[in-house]
Amino acid sequence: MRDTQRHFVEGPNSLWHIYKTVPFWKVAKNFLVIQTARYTPFLPMKNWLYKTFLHMKIGKHSSFALMVMPDVMFPEKITVGENTVIGYNTTILAHEYLIDEYRLGDVVIGNRVMIGANTTILPGITIGNGAIVSAATLVHKDVPAGAFVGGNPMNIIYTAEQMAERQAKS
């Protein structure tokens, strides 16, 4: 189960309450920073922008590929470990607005994690150290350390133990 905090709303759907939950100018600033970082090919510059202006926690040598989309409203809820690769056009969400509620949750991505292109990570997710997430995966539950996961819905393809066995044979 994802680790999110639920906030219920009355009246119109929760997205109509957006600026009661997050300041407009914060979203505007975050949008400009994210759009700049999405298109820059300079990895140190991306990490600097994310850490300095969005207050994301990013470990040394982690890489955000072109077009990665961190959460525009709550990027400070995203933590990425060291030496991790986040593939092209991946979306990392720390919020979700639903009809009668919105949810917020930290996203924690461990060390030496590989996330394939076009993946979506939902709020409240932890991806363990050394995990591999295949391209185009919807990460809707926690990923154990060292596991290889993929699909929509996401399934464990190999556990850490099975991955170690496969690597020992090759």
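## A buried threonine

Buried means having under 20% relative accessible area, and because Thr90 has a relative accessible area of 0%, Thr90 counts as buried. The structure in question is a predicted model, and every value given for it here has been computed from that model. Thr90 is found in the loop that runs between strand S6 (85-86) and strand S7 (91-92), where its side chain reaches the backbone oxygen of Gly116 at 3.2 Å.

Which residues is Thr90 in contact with, leaving aside its neighbours within four places in sequence? Among them are Met67, Val68 and Met69, and the list also includes Ile115, Gly116, Ala117, Asn118, Thr119 and Ile121.

## A buried phenylalanine

Phe64 belongs to strand S3, and with a relative accessible area of 0% this residue is buried. Leaving aside neighbours within four places in sequence, Phe64 is in contact with Leu43, Lys46, Asn47, Tyr50, Met56, Ile58, Val80, Ile86 and Ile92. Trp25 lies elsewhere: Phe64 and Trp25 are 39 residues apart in sequence, and their C-alpha atoms are 25 Å apart in space.

## Two helices side by side

Two packed helices are described by the angle between their axes and by the distance between those axes. In this model the axes of H2 and of helix H3 (residues 43-53) come within 9 Å, and they cross at roughly 170 degrees. An angle over 145 degrees counts as roughly antiparallel, and H2 and H3 are therefore roughly antiparallel to each other.

On the side of H2, the contact is made by Lys29, Asn30, Val33, Thr36, Ala37 and Arg38, while H3 contributes Lys46, Leu49, Tyr50 and Phe53. These residues of the contact divide into five nonpolar, two polar and three charged. Lys46 and Tyr50, which take part in this helix contact, are also found among the residues in contact with Phe64.

## Salt bridges across the chain

How many salt bridges does a search of the whole structure find? The search finds six. In one of them the side chains of Arg6 and Glu101 meet, with a distance of 2.8 Å from N to O. This pair links distant parts of the chain, since Arg6 is in strand S1 (residues 5-8) and Glu101 is in strand S9 (residues 101-104), 95 residues apart. The two partners are classed in separate ways: Arg6 counts as partly exposed at 48% relative accessibility, whereas Glu101 counts as buried at 8%. Both also belong to a network of salt bridges in which Arg2, Arg6, Glu96, Glu101 and Arg103 are linked.

Another salt bridge joins the side chains of Lys26 and Glu76 at 2.9 Å, N to O. Here too the pair links distant parts of the chain, with Lys26 in helix H2 (residues 24-39) and Glu76 in the loop between strand S4 (69-70) and strand S5 (78-80), 50 residues apart. Lys26 counts as partly exposed at 22% relative accessibility, and Glu76 is partly exposed with a relative accessible area of 28%. The side chains of Asp106 and Lys77 meet in a salt bridge as well, at 3.6 Å from N to O. Asp106 lies in the loop between S9 and strand S10 (107-109) and Lys77 in the loop between S4 and S5, which places the two 29 residues apart; Asp106 is partly exposed, with a relative accessible area of 41%.

## Backbone features in loops

Most residues other than glycine have a negative phi, and most peptide bonds are trans. Against that background, His61 has a positive phi of about 65 degrees although it is not a glycine. His61 lies in the loop between strand S2 (57-58) and strand S3 (63-64), and it is exposed, with a relative accessible area of 57%.

Asn118 likewise has a positive phi, near 60 degrees, in a residue other than glycine. Its place is in the loop between strand S11 (114-115) and strand S12 (120-121), and at 41% relative accessibility Asn118 counts as partly exposed. Where the peptide bond itself is concerned, a cis bond joins Asn152 and Pro153, with omega of about 5 degrees, and Pro153 is placed in the loop between strand S16 (148-150) and strand S17 (155-158).

Notes: Residues numbered from 1 in each chain as written. Predicted model: local features only at pLDDT ≥ 70, side-chain atom pairs only at ≥ 80, totals over all residues. Heavy atoms only, no water. Salt bridge = Lys/Arg side-chain N within 4 Å of Asp/Glu carboxyl O. Helix = DSSP H or I, 4+ residues; strand = E, 2+ residues; numbered from the N terminus. Buried < 20%, exposed > 50% of the residue type's maximum accessible area, 1.4 Å probe, protein only. Axes fitted to C-alpha atoms, helices over the stretch in contact; angles between N-to-C directions. Parallel < 35°, antiparallel > 145°, perpendicular 65-115°, else oblique. Contact = heavy atoms within 4.5 Å. Nonpolar A, V, L, I, M, F, W, Y, C, P; charged D, E, K, R; others polar. Polar contact = N/O pair within 3.5 Å; in protein donor to acceptor, adjacent residues only side chain to side chain.
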